[in-house]
Amino acid sequence: MVVNRKGIERIKEIYQDRASRAQELKAGGKQVMGYLCIYPVLEMLTALDIVPFRILGQMSEPITKADACLPTIVCPFIRSTLDLGLKGKYDFMDGVVMAHVCDVGEKTSHIWRTYLNPPYYYFLDVPHTTHLAAQEQMKEQIKTLRQTLEDFTGKKITAAKLKQAIDLHNQQRALVRELYDLRKPDPPLISGAETLQTMVALMSIPVAEGNDLLKQVISEVKQRKNKLSKKPRLLIWGSIIDNVALVEMIESAGANVVMDDICVGSRAFFPAVAQTDDPLDGLAYRYLVELKCPRTFREATYGETKKDYIQDLESRFGYIKEYIRDWNVNGVILQAVRYCDIHGYEVPAVRDYLDHIGTPHIYLEHDYSEAALAPLRTRVQAFLELLG
Amino acid sequence: MMEQKKKKAINRLQTMYPLRANIDKMYERGVEASKTGKPTAWCMVNWWEADPILKAMDVEVVYPENYGAVCAAFGTAPAYLDRSDADGFPTHMCGYARNCIGYTSRMTELGQIPPEAPMGGMAKPFLLLCSGALCDARYKWFQALGRYLDAPVWTVEIPHIGVAESQDPATRAQVIKFMVKELGEFVKFMERMLNKKMDWDKLAEVTDDLIKVNRLWHEINELRKARPCPMHSRDFWSCMNASLYPAGDPKESLKLYQDMYTEVKDRVDKKIGAVANEKYRMLFAELPPWHDLKIFDELADRGWNFVVESWAYHPAKPIDTTKVSNPLERIAAETYHWLTGYFDEAYKAKEYMGYFAYPYLEWARTYQCDGGLLHPLLTCRTATNHLMLIQDRLLNKLKVPTLVAEGDIVDLKLFNHAETMRKAETLEEMMDHYKQKRRDEGLEW
Ligand code: SF4
Ligand code: SF4
C-alpha cells in the first residue's frame, strides 16, 4: 500500500488501526517485535531492523478471554492487553520482549508465554532500585537481551549498528520534545488528544518512519490556521493512557491538556541515551535511572539515615515542577487506572508535593472504559471552575 | 447427665501451641525493646534476605503485613482503613498496607502508640525495610509512609528472573553477585544507622540457625505427603511465622519445630490423620480467610483434609550452602533458591510462572490432591494474580478441580461462608468425577 496521508492525518490513520503498518511491513518480510511498557530496550530491536511494536490495550473491546487466566481485580489495562493477545490480535508479532514493570505486568508476561508461547520471548527483569549494583544488573540483563535477539535473528548487533539505533531513537526523543514545545504557547498549537494520538502512532511504526512523520507533524502544527482557544492549562499525571477518550473528555470540559507525565507521552520519550564508551552503560542508565515511572524505588540521597519528606518529594517529583513552570500549567489532573498499585501508593505524595509548590490538583480513578468517564466529567468541570 | 463434648474435626498438633505462643510475643517484645531504647525496624516479609542481618545487629523487628492480620482479627482495622482513605490513599490498595498507613497516621498524630492498638501495637520504627519480592506494595507502602515518619527506607533487591531465563547458569551467578553487593551495601548502611560494626561471626551463626529452621520446617511439611496427612493447613498457618518472618529467637524456634517434627512423624508412623476420615486431600491458595478459619472445621467434618497450602509462606526446598563461607553469599543463594526452587521443573513442564503457580501443580501430584480451594483477595493482587491460571492448569493438566471463594484480607464481610459451603458440595461431586478421570488417564492418584 502506498502511504498517501501525511502529518496529523496519517497519525490519525495509524491511531485508528495501529497494527496495519506493522502488518504491512511484516508481509513485506520484516520482523515485528511486541514489547510491554517502556522498559524493553528498543535500540536493540532497531539495530536488528526489527519493528518495535508496543503492546497496548483496547478500551472499547470487552474483555472476554483474559478472565479465564487473570482475575478481574487486576489492572484492566493489562487484562486488556492479554485479552487481545489471547484473541490473536497480536499474532502478527514474531515475539515479545516483556519486562518486570510491576507485579501484575510481570505475572501477565509469564501467562503470555504460557498460553501464547511466541517464537521469541524475553523477560527483562528490571531491578527495583537505581543503586549502582542495580545499574550493573540492568546492564547484564540488556546484554542477555542482545544475545537472545542475536540468536533468534542469526544477525549480529555490531557497535556501529547499535550506535546508529541509539542516534535514531535519540533523534525521535528530541523531535518529541520539539513537538511538546508547541504546547508551551497559550493557547497551545496542538491539543492533548492529538499529542496522545501521535505518541500511540510512534509506538506502532519503525523509528525512522516515526521521525519523518514527526517532522511533518511539527511543521504542519507550526503553520496551523485554526488555533485552539485559551483555556485553563492542565498537566495530566499517572498510569497509562493509550486511548484519547479521557483526554478528550477533559479538553471538551473546557481545558487544554498541555503537558503529561504518563508512559505514552513524556515519560517514554523525554530521557535520551547518553553516548558512553560502552553503549550498554548509557542504555542501562537511561532505562533504569532516567525513566521516571514510580515502579522504581528512589531515595533523595543514597543510604540516607533520616528521611526529610520534602527533600524526598523534591527528588522524586522535582521534574514535575519544571514541567509546570515551562508549560505554564494551572492545574494537575492525577489519574490512575483502578487496581494500579504502583500509582495508587504515589497519589498522596504527589498531591503533597503539588500542595507544597502551590499547584491545584484533583485525582481521578477510572476503570479503563469509556462508559466510566461520564461521571468524572462533572468533577473535572468543578475543578476547572476552581481554576477560574 | 453431662452432654458429651463433640470431638473437634481437626486434630490439632499439641506442639503447635507453644510455637504459636512464641510467635505471638513478637509485638510485645518490640514495644518492650523500644522502651529500653532498643531500635525497632518495621519490616516487610523478605524471605530471609534481610532478617539475619537485622537479627545479627540486634534490631527488634515487627512485620506490619502480619500486624494487618492482627488488626483485622481484633476489629481495629476498619478505623485505620477509614483513616487511610481520608488521607487520600485509593481504597483498592492492599488492606494490610492501608491498615498500617491508618495506624501510622494516628500514631503520628497522637505522638504515641494508639491506645486501642491490639497486642501492644507496633513501636515507632527507626527503619523501614522494604523488599522487592513478589509484590509492589512491599516497597511502595513504606515509601508512602514518608509523610508520617522520618525513618529512612531501604529496599533489598531480589531479582525476578523468568523461568526460561533462569536456566542459564551464568544468570544465577550474576544474580547472586548482584544480591551480595546489595547486601554488602545494606550492612554498611546498618552500621551507619546503629553506629556499630557488624559481628560477622554472629551473622554466620544466625544465618545458619535460620537455614536449619527452614530445613526442619520443610521436612515437617514433607511428612504431610503421607496418607492420611498428619498435619492440617491450620497448623501450618499457626506456626509458619516462626519461619517466614522469622519471629523469635531462631534457636528456640528450632527446638519447637524439632518437637513438632517428632509429633508429626509419630502420627505418620501410627497412621493418624489430622482429619479423622480423610476423604479429600486438598490444597489451598493463597492467604487464608483468617477471620473464618472455622470453615476448615466444617470442611473437615466432610472429610476434607488440607494437606498443602500458601506457596509464598513455604520454606524453600533445601539446598546445601554449607560450603559457602561468605554469609552474605549464603543468604543470597538461599533467598534466590527460595524464589526459583521450582523453576527447573516448571521449565520442563512448559509452565512459565515458576513461583506461585507451578508449585501447586507439583504439589497436587506429590501430595496427591483431589481438589483445591482458591481464595482470591479483593485488595491483594499478589496472592490473587495466579489463581485463575492455577485453576486452569490443575484441571486441564492434572484433572484436579478447584473451588473459588472470594474474600479479602481485612474486609472480613467479603468472604461468604454459606456460599462457600454450598460450592463445596458441588466440588465434592467434581472431585469424585475427576478421581475416576485421573485413573482413566493413568495419573498415579
Ligand atoms: S497501569 Fe499500573 S498496574 Fe497497570 S501495567 Fe501500568 S503500572 Fe502496572
Ligand atoms: S502480598 Fe498482598 S497482603 Fe502482602 S503486602 Fe503485598 S498486597 Fe499486601
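This is a predicted model: local features need pLDDT of at least 70, side-chain atom pairs count only at pLDDT 80 or more; totals for chains, interfaces and linings use all residues.
- Helix H2 of chain B spans residues 26–35, and its buried residues are Met26(B), Tyr27(B), Gly30(B), Val31(B) and Ala33(B).
- These residues lie on the same side of H2(B), because the arc they cover around the axis is only 165 degrees.
- After H2(B) comes Gly37(B), a residue with a positive phi, near 90 degrees.

**The largest pocket**

- The largest pocket holds about 570 Å³ of space, and of the 22 residues lining this pocket, Asp24(B), Asn66(B), Ala69(B), Asn241(B) and Trp290(B) are the closest to its centre.
- Helix H1 (16–24), helix H4 (64–74) and helix H10 (233–239) of chain B are the elements that each contribute two or more residues to the lining of the largest pocket, and H4(B) supplies the largest share, with six residues.
- Sorted by class, the lining of the largest pocket consists of 14 nonpolar, three polar and five charged residues.

**Asn221 in helix H9**

- Asn221(B) belongs to helix H9 of chain B, which covers residues 200–223, and Asn221(B) counts as buried because its relative accessibility is 2%, below the cut-off of 20%.
- When neighbours within four places in sequence are left aside, the residues in contact with Asn221(B) are Met231(B), Phe236(B), Glu309(B), His314(B), Pro315(B) and Tyr367(B).

Key. Residues are numbered from 1 along each chain as its sequence is written. Chains are lettered from A and ligands numbered from 1 in the order in which they are written. Side-chain values use heavy atoms; hydrogens and water are left out. On a 1 Å grid over the protein atoms alone, a cavity is a set of points where a 1.4 Å probe fits but cannot get out, and a pocket is an open set with protein on both sides within 12 Å along at least five of seven lines; lining residues have an atom within 4 Å of a point. Grid points are joined across faces, edges and corners, and a volume is the space filled by probe spheres set on the points. Helices (H or I, at least four residues) and strands (E, at least two) are DSSP runs, numbered from the N terminus. Ala, Val, Leu, Ile, Met, Phe, Trp, Tyr, Cys and Pro count as nonpolar, Asp, Glu, Lys and Arg as charged, and the others, Gly among them, as polar. Buried means under 20% relative accessible area, exposed over 50%, partly exposed in between (1.4 Å probe, protein chains only). The arc is that of the directions from the helix axis to the C-beta atoms. Contact means heavy atoms within 4.5 Å.
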